[in-house]
Amino acid sequence: MEKKNWPLWEVFVRSKNGLEHRHFGSLHAADATMALENARDVYTRRNEGVSIWVVESKHITASNPENHGELFEPAQDKVYRHPTFYKLPDEVKHM
Amino acid sequence: MAMEKQSLYAYMLTLGDNALILGQRLGELCGHGPSLETDIALTNIALDLLGQTRSCFQYAAAQLEGKSEDDVAFSRKENQYTNVLLVEQPNTDFAYVITRQYFFDVYHLMLMEWLAVNSADETIKAIASKAVKEARYHRRFSSDWMLRLGDGTSESHQRVVQAVEDLWPYTQEFFVPSEAETLAAQAGIGPELSSFKEHYYNDVVSLLQKATIAVPENPYFQKGGKQGVHTEHMGYLLADLQYMQRTYPNMTW
């Protein structure tokens with residue numbers, strides 16, 4: 001019998017209410033329901049989360065590492081895009 | 001009406017032994033599950049069950065002078081374990097593992113839900129309240145897999161039908177009370193097990209039908225586990241389970 005692999009899923013977990021979902025890892029599952037159950041067992045058994053999203057990996061479009069130069073390097077020398085040239089009043093904290 | 005210490009001890013064994021032996025069986029799969037994800041899921045369930053076992057055996061040990069939970073778990077002879085025969089059945093294949101789990105989970109959840117609300121014993125009530133959430137997840141996991149196997153490929157269908165056929169005769173033992181369970185029911189500490197039966201089979205039959213698995217017609221049921229009369233698989237399981245305590249008595253980690 002041919003051994004077929006289940007498709008790959010990406011798992012996003014929200015660790016606390018109010019925080020965003022973060023990418024935790026990936027796993028194999030036959031469908032979305034199973035992916036959620038598996039994610040619960042694989043990624044939240046040490047009390048890591050309050051909510052889980054799963055998405056099949058093939059639905060994610062990723063940037064190509066080969067295009068790193070043209071995509072990301074032009075931003076490296078544009079310090080003026082960071083709002084670091086403003087004087088903040090002392091009353092404003094945590095900026 | 002309270003139970004005598006000896007009877008309460010015996011009742012805690014019936015609760016703890018099912019969880020202990022099934023937990024041990026599932027633990028055997030650690031590193032051997034059919035996929036990484038199901039491996040982790042099954043060993044998670046094993047750990048839940050071992051946690052429940054500890055609570056039960058701590059309370060059991062407290063009923064007797066000078067006993068510890070380890071004595072209760074590891075130092076009995078085969079005929080002193082009172083688990084039902086179903087939970088000691090081997091991990092023949094994944095379909096058996098899931099079917100055994102499902103048959104147990106339906107009963108286990110009903111029992112824990114009853115105890116968490118109705119038990120006259122506060123400690124048992126507290127143990128059950130914690131176990132209910134775990135049992136609910138176990139049942140969800142095993143029911144999902146029953147549906148997937150039954151309604152999956154022809155290979156999975158044929159295997160789960162075989163497992164259901166073979167394990168079906170062990171399901172009725174749940175509802176035949178042992179002496180300890182009868183005393184517990186009289187004291188309002190445990191349920192009248194016979195009252196669960198109809199509900200149990202309604203649930204199981206409707207799931208089997210949904211999973212396109214034929215409901216077995218075998219009217220012959222096996223029992224004896226609650227009286228310590230076990231199947232031939234039990235001795236091997238206990239040899240594994242008890243090895244460390246038998247070899248190094250009173251050892252700790």
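Is Ser129(B) buried, exposed or partly exposed, and how many other C-beta atoms lie within 10 Å? In this predicted model, Ser129(B) has 15 other C-beta atoms within 10 Å and is therefore partly exposed. The residue belongs to helix H6 of chain B, which covers residues 122-150.

One of the partners of H5(B) is H9(B). The two helices pack with their axes 10 Å apart, at an angle of about 140 degrees, and they are therefore oblique to each other. The crossing in which H5(B) passes H9(B) is right-handed. On the H5(B) side the contact is made by Val106(B), Tyr107(B) and Met110(B), and on the H9(B) side by His199(B), Tyr200(B), Asp203(B) and Val204(B). Sorted by class, the residues of this contact comprise 5 nonpolar, 1 polar and 1 charged.

Thr212(B) sits in the loop between helix H9 (197-210) and helix H10 (234-247) of chain B. Its phi is near 55 degrees, a positive value in a residue other than glycine. Thr212(B) counts as partly exposed because it has 13 C-beta neighbours inside 10 Å.

Attention now turns to helix H1 of chain B and two of its packing arrangements. Two packed helices are described by the angle between their axes and the distance between the axes. For H1(B) and helix H2 of chain B (residues 36-62), the angle is about 155 degrees and the axes are 8 Å apart. H1(B) and H2(B) are therefore roughly antiparallel to each other, and their crossing is left-handed. H1(B) brings Tyr9(B), Met12(B), Leu13(B), Leu15(B), Gly16(B), Ala19(B), Leu20(B), Leu22(B), Gly23(B), Leu26(B) and Gly27(B) to this contact. Facing them in H2(B) are residues including Leu42(B), Ile45(B), Leu49(B), Thr53(B), Cys56(B), Phe57(B) and Ala60(B). By class, the contact of H1(B) with H2(B) holds 17 nonpolar and 6 polar residues, with no charged residues.

H1(B) passes H8(B) in a left-handed crossing. From H1(B), the contact draws on Ser7(B), Ala10(B), Tyr11(B) and Thr14(B); from H8(B), it draws on Ala180(B), Glu181(B), Leu183(B) and Ala184(B). The class make-up is 5 nonpolar, 2 polar and 1 charged residues.

The meeting of the two chains comes next. Chain A gives 8 residues to the contact and chain B gives 7 residues. On the side of chain A that touches chain B, the elements giving two or more residues are strand E2 (21-28) and helix H1 (32-43) of chain A. H1(A) supplies the largest share of that side, 4 residues. The side of chain A that touches chain B is made up, by class, of 3 nonpolar, 2 polar and 3 charged residues.

Two residues of chain A round out the picture. Arg22(A) is found in strand E2 of chain A, and it counts as exposed because it has 12 C-beta neighbours inside 10 Å. Beyond its neighbours within four places in sequence, Arg22(A) is in contact with Phe12(A) and Val13(A). The C-alpha atoms of Arg22(A) and Val11(A) are separated by 8.3 Å, although the two are 11 residues apart along the chain. Asn47(A), in turn, lies in the loop between H1 and strand E3 (51-56) of chain A. Asn47(A) is not a glycine, yet it has a positive phi of about 65 degrees. With 7 C-beta neighbours inside 10 Å, Asn47(A) counts as exposed.

Key:
Residues numbered from 1 in each chain as written. Chains lettered and ligands numbered in written order. Predicted model: local features only at pLDDT ≥ 70, side-chain atom pairs only at ≥ 80, totals over all residues. Left-handed = near helix turned anticlockwise from the far one by under 90°. Contact = placed C-beta atoms within 7 Å. Nonpolar A, V, L, I, M, F, W, Y, C, P; charged D, E, K, R; others polar. Buried ≥ 20, exposed ≤ 12 C-beta atoms within 10 Å, placed from the backbone. Axes fitted to C-alpha atoms, helices over the stretch in contact; angles between N-to-C directions. Parallel < 35°, antiparallel > 145°, perpendicular 65-115°, else oblique.
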